Amino acid sequence: MRHCSCALFVRDGRLLLGRRSAAKSFYPGVWDLIGGHARPGETRVAALLREVEEEVGSVPTEFSLVQTVPEPSPEAHSPGVYHVFLVRRWSGREPYLRNAEHVELGWFTASGARRLTLADPAYIELF
């Protein structure tokens with residue numbers, strides 16, 4: 001089973017989301033949390049730190065696991081689990097697009113985020 005670690009950045013009552021590239025095989029063109037697949041033998045926290053730094057150039061420094069959700073489309077993407085970490089503080093630069101994973105980043109209120117086309121409908125309750 002695949003494991004993913006994802007960051008829900010929160011600052012001043014706003015949530016950071018990334019719009020995934022239309023070229024991605026997993027959930028193309030929709031808004032998603034920052035993060036990705038854990039490597040074999042990698043812990044959830046190690047995957048979180050690596051994935052976030054790779055995607056947005058920041059390193060979470062104050063975070064906690066807030067939810068674990070199953071893959072919403074296991075028939076299309078194989079069974080998996082997403083470990084969602086609430087990130088309150090980070091070091092490094094302000095989050096920015098560092099690779100082709102996402103084509104846009106945005107800070108949204110919870111109500112604004114709920115109106116987006118999201119990778120996982122379970123995010124609505126989380127927000």
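**View 1. H102, a buried histidine.** H102 is buried, at a relative accessible area of 4% (buried is under 20% relative accessible area, exposed over 50%, partly exposed in between, with a 1.4 Å probe and protein chains only). This is a predicted model, where local features need pLDDT of at least 70, side-chain atom pairs count only at pLDDT 80 or more, and totals for chains, interfaces and linings use all residues. Residues are numbered from 1 along each chain as its sequence is written, and side-chain values use heavy atoms, with hydrogens and water left out. H102 sits in strand β7 (residues 102-108); strands (E, at least two residues) are DSSP runs, numbered from the N terminus. Beyond four places in sequence, its contacts (heavy atoms within 4.5 Å) include R19, L33 and E55.

**View 2. L33 and the largest nonpolar core.** L8, L17, L33, Y82 and F127 touch the most other members of this 20-residue core, a set of buried Ala, Val, Leu, Ile, Met, Phe, Trp, Tyr and Cys residues joined through side-chain atoms within 4.5 Å. β1 (2-11), β2 (14-20) and β6 (80-92) each supply at least two of its residues. Among the contacts of L33 outside four places in sequence are C6, L8, V84 and H102.

View 3. C6 faces V84 in β6 and G35 in β4.

**View 4. The β1-β2 hairpin.** Two residues separate these strands, and D12 in the turn has a positive phi of about 50°. R11 has R14 in β2 as its bridge partner.

Terms used: Helix = DSSP H or I, 4+ residues; strand = E, 2+ residues; numbered from the N terminus. Pairing = 2+ DSSP bridges.
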